[in-house]
Amino acid sequence: MISTWVSVIVMLVAFVNGARNENDMQPCAEVQTSSSVVPLGSPVTATCVIRDSCHLVIGQAVHIEWRLGDHSLPGSPVANESGRFSEVVIPSFNHTREFLTCCVQASPVQVVGGVEIRAGFPPEVPRNLSCQTNLTTPETLTCNWDPGQQETHLHTKYTLHIKIWDSKDNHTYELLRGVHRYTIPRSGFVFFSDMEIYVKAANELGEASSTPIILEPVSAAKFDPPTILNVQAVPKKYGCLKLSWSLSQQQAWMRDYRFNLEVQLKTADNSQRSEQPILVSRARPTRSLDQCRLLHGTQYLVQIRVRYQQSPWSEWSSSRSGVTLESAPTGRLDSWMKASGDHMPKQLNIHLFWKPSKQFRANAQNVSYIVSVKKLPGEKGKLCSTKGNYCTLKLPGKAKKVYLSAVNAAGKSIPTEVRIYLPKASSVISDVTVLPRDDRSLMVQWRRLVSSNLTGFVVEWRPLLETDLSLTQFEIIDRNETTFLITGSFEPYKPYGISVYPRFKDGIGLPRTVNAYSRQKAPSMVPKIQIKKNWQSHVELAWEEIPLDQRNGIIQNYTIFYWDKMGPIKVVNVDPDERRVVLKDLGTASPYEAFMMVSTSGGRLNGSTIHLEIEAFDVVAVMIIVTVSGVGLSLLIIFTVLACFSNQHRLKGRFWPAVPDPANSSIKRWTSNSTQDSDLSWENEEPDPMYLSHLSFLDLPVKLSKEDDDPWLSNAEVTSDLGESICGSPFIPDYSGSNSDSVPYATVIFSGPCNSPTPQDARVYLRSESTQPLLETEESFSPKYYHNMASDRVPNEQCFFGPSHDCVPEKGPDPGIMWDDFPFLRALALNDAQND
């Protein structure tokens with residue numbers, strides 16, 4: 001559009017500057033070129049001749065100047081008298097469209113003539129001409145071609161030429177600019193007649209035609225996807241399927257023609273797929289066809305597509321399934337056995353895994369597996385029967401091997417022998433590493449030590465978040481291999497346990513196990529930090545382990561960040577196996593804040609912030625504690641020294657007083673001085689051995705009332721101090737006894753005052769109620785009762801020291817007293833003598 005306006009402007013200027021005549025108006029100059037349309041980059045020659053009648057040059061010298069667009073070009077003036085002729089040569093015209101003008105140098109410069117020059121390329125030969133017939137309504141023939149990659153920069157016209165050989169009809173179809181596809185209506189072709197078709201391209205620089213193609217329209221038809229009517233097993237023929245098929249309803253009129261057919265077969269579990277479709281030539285829709293050499297007892301999914309002669313293939317049909325006839329399983333099974341428990345045969349737990357080998361054929365859809373101790377499986381020797389791929393069993397008796405068989409409705413496979421190897425506490429594997437190759441593969445590498453007994457390796461892997469043992473997979477590796485590529489379906493961010501077992505001639509060695517991820521990312525959670533201890537300038541932090549299903553990768557480390565308002569942020573890295581850390585050298589000026597970051601190779605996650613309060617160190621409290629501790633320790637040392645160097649007997653007497661036993665005492669040896677002082681003398685080096693017992697004496701009225709006849713019952717709980725005078729008595733007003741820590745053993749009751757003359761009545765004795773043990777144990781040394789040895793019968797008043805068969809009350813004269821046999825009466829006699 002712009003170039004058109006420029007051309008108009010140039011012509012208007014030329015006519016304005018031209019000479020006026022009565023009949024017409026002519027420009028001042030005439031510009032001529034070799035061609036207005038030239039190949040791009042070719043040379044261009046132009047001439048400019050100024051008319052004599054041009055008013056711009058009358059009576060003036062003429063100087064001609066050339067311009068190509070806005071750029072000046074050097075001209076080549078021809079030698080003549082007038083100087084009104086000029087020629088210019090452009091070595092290479094690199095513009096697709098430009099104006100070449102001729103100007104006269106005047107005041108100002110005036111354009112006196114010009115011409116538009118266009119450049120481009122001749123059209124390329126159309127390529128890849130193809131036509132396809134559509135047999136659905138409406139029926140058409142569509143042709144396509146490739147105009148070429150080069151842009152011509154010129155208007156190029158395309159026409160489609162068709163010639164039908166069986167008739168004289170020729171058709172030419174003009175195409176719109178830039179369109180390289182044309183659809184011929186049904187009236188322009190015949191289905192079963194050959195046609196010659198070609199495309200012609202033309203522009204101002206030339207024309208070109210495509211190579212003609214000859215085709216029969218029906219042979220160029222792309223049929224609709226066919227329909228599979230039925231797929232079933234061929235009777236009495238193993239591994240064969242019979243297919244029945246048909247064309248679409250709109251193309252069913254061609255059911256009597258022969259077609260080329262392709263059959264695509266794959267097993268229902270997608271474990272096996274035919275590499276190339278099976279080609280069936282000259283197949284008719286009215287006849288079924290058989291496909292053989294298939295697996296026995298296997299379900300197949302079948303698809304087909306058709307074409308007529310050399311026509312394009314139709315799209316694949318919908319799949320249809322069929323099952324071949326079953327037969328007994330063939331081939332062997334690959335097995336992997338692990339034993340755990342005691343080495344005693346009856347205590348071994350056998351975990352047996354298996355998988356089909358490359359030669360194994362189940363030959364049925366429903367297959368079960370039997371593990372038996374006998375080569376021919378039977379109910380008696382059967383250990384396990386399952387439809388899975390593993391079995392756990394107890395080793396029976398002293399069996400050294402078991403047999404694994406596959407069973408279906410048609411029969412049993414040849415048993416696979418599996419030897420029972422005991423676990424060995426040895427390993428030749430180290431440095432097991434797992435590197436992910438992509439989302440569907442893991443590379444396992446390990447190192448092995450030199451061992452002549454080594455026969456191979458077993459690589460075992462399973463998802464750790466699943467407990468189903470059927471998901472366990474394995475592969476048996478040769479002894480010379482130290483790498484294995486695991487392929488399969490691995491979920492990202494999920495852990496897998498990979499173990500490498502060494503196999504020896506006589507057992508299975510200890511495995512090396514690592515966890516692996518096909519892809520990792522940041523953990524889903526950060527454990528909560530707990531403050532375990534807080535003392536002085538130290539704080540101990542602890543945390544729980546992240547659950548396996550939330551790790552999303554292998555934990556590389558735990559990082560603790562902590563800081564206070566007065567200082568920078570500090571960082572502590574903790575190994576992934578640790579669950580605690582101690583932060584040291586913390587100040588008490590301001591509280592601390594901390595948080596944890598957990599990292600994997602796929603990312604990291606920060607936890608929540610906690611606050612740490614650091615208690616100040618109390619110097620005064622510590623000084624008090626140290627002082628009290630020092631004083632207590634000093635007292636303990638002094639007491640220990642005194643106990644070691646003091647008189648042991650005196651120390652023993654202070655803490656363990658000597659309590660005499662009256663039954664073994666002797667009053668005869670008592671001195672008169674001893675009866676005047678009831679306290680043991682601790683001033684001497686040792687206590688006097690003659691002080692075996694202490695007595696206290698009570699004075700009672702001469703006549704006792706009836707209610708006081710039994711002084712034991714009326715005064716059973718009143719006793720005297722052993723440390724008081726033996727004349728003291730709690731029954732008289734002037735009693736001066738004290739309740740000291742000494743223990744009285746017995747009380748002697750007098751019928752009169754202590755200082756009165758000796759009474760004629762017999763003395764009465766009251767036994768003490770003290771609970772103080774007498775010389776170790778009372779029962780083993782003290783007598784159970786006391787009696788008068790000089791008489792078989794004693795008065796009733798004297799029966800105070802326990803029951804006895806001799807203690808029978810009896811009236812009669814008081815018998816004589818034997819002082820040597822009864823020491824207490826002797827003490828009474830001494831007391832009477834002193835009073836006198």
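What follows is a short chat about a predicted model of one protein chain.

Visitor: What kind of model is this, and how are residues numbered?
Guide: It is a predicted model, in which local features need pLDDT of at least 70, side-chain atom pairs count only at pLDDT 80 or more, and totals for chains, interfaces and linings use all residues. Residues are numbered from 1 along each chain as its sequence is written, and side-chain values use heavy atoms, with hydrogens and water left out.

Visitor: What does the pLDDT average over the protein chain?
Guide: The average is 76, and 69% of the residues score at least 70; pLDDT is the predictor's confidence in each residue, from 0 to 100.

Visitor: Where is the pLDDT below 50?
Guide: Residues 668-745 are one such stretch, with 127 contacts in the model beyond near neighbours in sequence; a contact means heavy atoms within 4.5 Å. Residues 764-772 are also below 50, and that stretch has 38 such contacts. Where pLDDT is low, the predicted coordinates should not be read in detail.

Visitor: How many helices and strands are there?
Guide: The protein chain has 7 helices and 53 strands. These are DSSP runs numbered from the N terminus: helices are H or I with at least four residues, strands are E with at least two.

Visitor: Different topic. Where does Thr298 sit?
Guide: Thr298 is in the loop that runs between strand E24 (289-291) and strand E25 (299-307).

Visitor: Buried or exposed?
Guide: Thr298 counts as buried because its relative accessibility is 15%. Buried means under 20% relative accessible area, exposed over 50%, and partly exposed in between, using a 1.4 Å probe and protein chains only. Of the 836 residues in the protein chain, 37% count as buried.

Visitor: And what does Thr298 touch?
Guide: Leaving out residues up to four places away in sequence, Thr298 touches Thr267, Gly322, Val323 and Thr324. Its side chain also reaches the backbone oxygen of His296 at 3.0 Å.

Visitor: Which sheet does E25 belong to?
Guide: E25 is in an open sheet of 4 strands, in the order E23-E22-E25-E26, with antiparallel pairing. Two strands pair if DSSP finds at least two bridges between them.

Visitor: Which strands are at the edges?
Guide: Strand E23 (278-283) and strand E26 (320-323), each of which pairs on one side only. From one strand to the next, the twist averages 35°; axes are lines fitted to C-alpha atoms, and angles run from 0 to 180 degrees between N-to-C directions.

Visitor: How many bridges join E22 and E23?
Guide: Strand E22 (residues 259-267) pairs with E23 over 4 bridges, in the antiparallel sense. Leu261 has Val280 in E23 as its bridge partner.

Definitions and conventions:
A polar contact is a pair of N or O atoms within 3.5 Å; within protein, one must be able to donate a hydrogen and the other to accept it, and residues adjacent in sequence count only if both atoms are side-chain atoms.
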